[in-house]
Amino acid sequence: MTATLIPVRMASVCPDRAELTRLAAEHVAYAEAILGQAAGTVSGLPDRPVAAVALGDLLPAVAVTAPADALTVSASRAALRWPVHPRNTQQILINLVSNAVRHAPGPARLVARVRARHVRIAVTDRGDLTDGLPTALRRRTAPPDDRGLGLWVVRQLVAELGGTIRARPLAPTGLAMEATLPRYRT
């Protein structure tokens with residue numbers, strides 16, 4: 001059975017003021033939650049359960065982090081409904097998209113599909129598989145500087161959710177970063 005990919009409309013290239021205000025408020029709430037989680041971790045407090053959200057609910061907030069025309073997003077209907085951890089999944093996607101936009105020529109693409117009881121999210125670009133990329137994905141501890149830090153964070157969050165992350169070259173050129181996540185349950 002082949003899943004039909006649905007282009008996800010991201011409120012056009014220039015969202016209206018109300019949409020920008022809503023997204024800004026969402027980002028503030030997200031940043032506040034991340035800081036609260038970090039403070040709890042430092043204090044040794046256990047994480048509180050977080051309610052699952054549909055992957056489709058996170059995609060507009062992720063897309064707005066990329067410059068206009070730098071990212072296209074498509075997902076199957078099943079992927080749009082797939083329950084994910086809101087903070088971790090959003091951070092994973094933001095890091096992967098920002099890396100693709102920052103380090104590769106041309107536009108990036110985010111595609112999400114459900115396969116074998118997992119959602120597979122691929123961020124593709126026209127970049128190359130560099131020597132530093134597999135190293136950043138295998139690193140057990142945070143890097144000493146900011147090189148590879150975003151991918152190290154992605155690896156930690158994906159592992160925490162019980163998923164996998166991999167990088168693979170595309171033919172004839174390009175790179176795909178694929179995160180595979182199981183259904184999130186609170």
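Mentor: One term before we start: contact means heavy atoms within 4.5 Å. And keep in mind that this is a predicted model.
Trainee: Okay. Leaving aside neighbours within four places in sequence, what is Ile92 in contact with?
Mentor: Five residues: Val154, Leu157, Val158, Leu161 and Ala179.
Trainee: Which residues have the most contacts inside the largest nonpolar core?
Mentor: Ile92 is one of them, along with Leu55, Leu71, Leu96, Leu110, Ile121 and Ile165. That core has 39 residues.
Trainee: And which elements give two or more residues to this core?
Mentor: The helices are α2 (55-63), α4, α5 (132-138) and α6 (149-160). The strands are β3 (71-76), β5 (108-115), β6 (118-125) and β8.
Trainee: Which one gives the most?
Mentor: Helix α4, with six residues. As a general point, nonpolar side chains tend to be buried together in soluble globular proteins.
Trainee: Tell me about α4 itself. How many of its residues are buried?
Mentor: 14 of the 18, so the rest of the structure largely encloses α4. The helix covers residues 86-103. From first C-alpha to last, α4 reaches 26 Å, close to the 26 Å expected.
Trainee: Switching to charges. How many salt bridges does the count come to?
Mentor: Two. Arg166 forms one with Glu178, and their closest N and O atoms are 2.7 Å apart.
Trainee: Where do Arg166 and Glu178 lie?
Mentor: Arg166 is in strand β7 (residues 164-169) and Glu178 is in strand β8 (residues 175-182), so the pair ties together parts twelve residues apart in sequence.
Trainee: What about the other bridge, between Arg168 and Glu178?
Mentor: Arg168 and Glu178 meet at 2.8 Å, N to O. Again the link runs from β7 to β8, with the two residues ten apart. Arg166, Arg168 and Glu178 are therefore linked in a network of salt bridges.
Trainee: Is Glu178 buried or exposed?
Mentor: Buried, at 5% relative accessible area. Arg166 is partly exposed at 43%. Arg168 is partly exposed too, at 29%.
Trainee: Last topic. What pLDDT does the chain average?
Mentor: The mean is 82, and 74% of the residues score at least 70.
Trainee: Where is confidence lowest, and where is it highest?
Mentor: Lowest in strand β1 (residues 5-7), at a mean of 63. Highest in strand β4 (residues 83-84), at 97. Where pLDDT is low, the predicted coordinates should not be read in detail.

Conventions:
Residues numbered from 1 in each chain as written. Predicted model: local features only at pLDDT ≥ 70, side-chain atom pairs only at ≥ 80, totals over all residues. Heavy atoms only, no water. Salt bridge = Lys/Arg side-chain N within 4 Å of Asp/Glu carboxyl O. Helix = DSSP H or I, 4+ residues; strand = E, 2+ residues; numbered from the N terminus. Buried < 20%, exposed > 50% of the residue type's maximum accessible area, 1.4 Å probe, protein only. pLDDT = per-residue confidence, 0-100. Expected span 1.5 Å × (residues − 1). Core = buried A, V, L, I, M, F, W, Y, C linked by side-chain atoms within 4.5 Å.
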